[in-house]
Amino acid sequence: MTEEVKTVTLNDTQYNIDDMSERGQYIVAQLGEIQQESQEMKFKLDRLEVARKGFVDLLGVEVADTTAEE
């Protein structure tokens, strides 16, 4: 079994994370968390935009129905 080498690329240079200082590894971990949170927020924003559009469409139908009744 081969062990997977964890690397990070910075300014077109690849670095082995295990060879980094504790602080370097901490920074890499923080960057990973930030990337994950950013992706999760993008997913939430996409859902909110779809929901907003759906409610705008529903409001358009509601207004049209109310206007038709008058």
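This is a short tour of the model, from the whole chain down to one residue.

Before you start, note that this is a predicted model: local features need pLDDT of at least 70, side-chain atom pairs count only at pLDDT 80 or more, and totals for chains, interfaces and linings use all residues. Residues are numbered from 1 along each chain as its sequence is written, and side-chain values use heavy atoms, with hydrogens and water left out.

**Whole chain.** Select the protein chain and switch to a cartoon. You will find 1 helix and 2 strands, where helices (H or I, at least four residues) and strands (E, at least two) are DSSP runs numbered from the N terminus. Walking from the N terminus, the order is β-β-α. The radius of gyration is 24 Å, well over the 11 Å that the globule rule gives for 70 residues, so the chain is more spread out than a compact globule. That radius is taken over C-alpha atoms, and the rule is 2.2 Å times the number of residues to the power 0.38. Along its principal axes, the C-alpha trace spans about 75 × 30 × 20 Å.

**Surface.** Now show the surface.

**Thr-13.** Next, select Thr-13, which sits in strand β2 (residues 13–16). Thr-13 is partly exposed, at a relative accessible area of 35%.

Note on methods: Buried < 20%, exposed > 50% of the residue type's maximum accessible area, 1.4 Å probe, protein only.
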